[in-house]
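Have the sequence and the 3D view open as you read.

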Amino acid sequence: MPSSSCDALLDDIEDIMSQEDSKPQDRHFSRKHIFPKVRRRNTQKHLQEEPRPPSDSTIPGIQKIWIRTWGCSHNNSDGEYMAGQLAAYGYKITENSSDADLWLLNSCTVKNPAEDHFRNSIKKAQEENKKIVLAGCVPQAQPRQDYLKGLSIIGVQQIDRVVEVVEETIKGHSVRLLGQKKDNGKRLGGARLDLPKIRKNPLIEIISINTGCLNACTYCKTKHARGNLASYPIDELVERAKQSFQEGVCEIWLTSEDTGAYGRDIGTDLPTLLWKLVEVIPEGAMLRLGMTNPPYILEHLEEMAKILSHPRVYAFLHIPVQSASDSVLMDMKREYCVADFKRVVDFLKEKVPGITIATDIICGFPGETDQDFQETLKLVEEYKFPSLFINQFYPRPGTPAAKAEQVPAHVKKQRTKDLSWVFHSYNPYDHKIGERQQVLVTEESFDSKFYVAHNRFYEQVLVPKNPEFMGKMVEVDIYESGKHFLKGQPVSDTKIYTPSISKPLAKGEVSGLTREFRSRFGNHVNSTSDTSAATQHDSAYSRIVLQMSQHDYALTVAAGLALFALLLAILARVYAYN
């Protein structure tokens, strides 16, 4: 109800009119002499970039994020997907941890040292007052560990929601998403494959074909995190490969906890997938198959030999043996014997001459005797594996092997040294000197002195740093060999072969921005990360477009309201005169 003071000040709306003011009818008749004036908009004013809020603001989507990943290629692929989504939303992906506002730590649970690094990184982030989001197999398998309390966690099957978790963490909340993805009760392979990602190497695409496995190895902690086998459909994998080639990728890695088990849960198999993928690999591009355990590859030896002989597939296979003792393999629950492993290797060596077989060995597994270990040494001496991953056994919490009686630490250490000595006693590449090989150049060496290429057998070949070579097939003469590499000199009259694919994305550029992702996150979507040279320009352009759109909208609304008010005034006057 109006107050008495208001009544005293103004009895009627007409009291605001003075004698000097023009009457309504005067204003009405003078309107025909009034013309709208078009005001020119100062476009330069509106093109000026609006200053961004400070990075320590609690407004999500503007902070700098540092991502650290440990572990296998599957984990690295997850890290690339998370980086891509965050950069597309507007966050800055930085390589400088001290500049970052938030650390995204993507962990590995295979061995104790990897988890120790992960734990130490959490401690350091807390000391530096950084926001923290945890990912990977460690928090997925054991989210209730004391050092994880109060921290945000994103599960291995929830990486498509990383933006939400980071956003809430920036706001000061603790969020945990650890569920499994299912469709009508059936477990899926994980997050969608067409999500945005930032490839660590723009020339290499890592595709996870399935997650989890069918085994129950007594030493494995990864099973607790990744679970049982869940495969992606073939058509989705083929589409992801095609998209990658369209973005300039020239090498694809297929990865999972066990590629050999692919498809058993969805009524297909690994050879069927590989033949479909081979159909879409452009000339000059290559495919590398990831790790497979012996039991499942045994069923497809003939087909696998044909696929590994294909000119666009590396003649390379990673088959972990872990031990050459059947009793140790039984304690590990590996579901094969040494004879099975030898059968796979012998068959592939016969059908695919020159094939590279990589393998893994665990030293000092509980119950391993000296005789057991001697059998393992003999296996390495017999096959002279060019690539051998030697692992001292570490008991992982919650696994059956951790509860068994342990081999003394000094014995495990000595066996690891003995096996390493055997491995370094032979040079697998000496006989390659003098060969002429076609190699695909994909990266730079750690010491920055060479470019790194791989030949048909996925053997590492170091070549001169000629920018024209990167991402290309080059013919070289091998002139030197080392334990883990070859060196090649480009043939003088060689033709540098360019794969029939698009120009690669820039380093740090976001790939795979689907229409659905853009609509989901709206105007936040950006196509580059902070590691790209074009970031600031593109980001500014996005904001300029947004400002212009908002300004145009405001002008339109204002003009509409003015016209509407004018129309009402005219109608009122006409009604008054009538």
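## The parallel sheet

Strands β15 and β16 run parallel and pair over six bridges. A strand here is a DSSP run of E with at least two residues, a helix is a run of H or I with at least four, and both are numbered from the N terminus; two strands pair if DSSP finds at least two bridges between them. Across this pairing, Cys 363 sits opposite Gln 392 in β16.

Zoom out a bit and you get an open sheet of three strands, in the order β14-β15-β16, with parallel pairing. β14 (316-318) and β16 are the edge strands with a single partner strand each, so one side of each has no neighbour in the sheet. On average, neighbouring strands in this sheet are turned by 15° against each other, direction ignored (axes are lines fitted to C-alpha atoms, for helices over the stretch in contact, and angles run from 0 to 180 degrees between N-to-C directions).

## Where the numbers come from

This is a predicted model, so local features need pLDDT of at least 70 and side-chain atom pairs count only at pLDDT 80 or more, while totals for chains, interfaces and linings use all residues. Residues are numbered from 1 along each chain as its sequence is written, and side-chain values use heavy atoms, with hydrogens and water left out.

## Salt bridges across the sequence

Searching the whole structure turns up 24 salt bridges, each being a side-chain nitrogen of Lys or Arg within 4 Å of a carboxyl oxygen of Asp or Glu. One of them joins Glu 115 and Arg 396, whose closest N and O atoms are 2.4 Å apart. Glu 115 is in helix α5 (residues 112-127) and Arg 396 in the loop between β16 (387-392) and α16 (400-403), so this pair ties together parts 281 residues apart in sequence. Both Glu 115 and Arg 396 are buried (under 20% relative accessible area; exposed is over 50%, partly exposed is in between, with a 1.4 Å probe and protein chains only).

Glu 368 and Arg 415 make another salt bridge, with the closest N and O atoms 2.9 Å apart. Glu 368 lies in the loop between β15 (356-363) and α15 (370-383) and Arg 415 in helix α17 (residues 409-423), so the two connect parts 47 residues apart in sequence. Glu 368 counts as buried at 5% relative accessibility, and Arg 415 is buried too, at 6%.

## A charged network

Which residues are linked in a network of salt bridges? They are Glu 80, Lys 197, Arg 199, Glu 205, Arg 240 and Glu 247.
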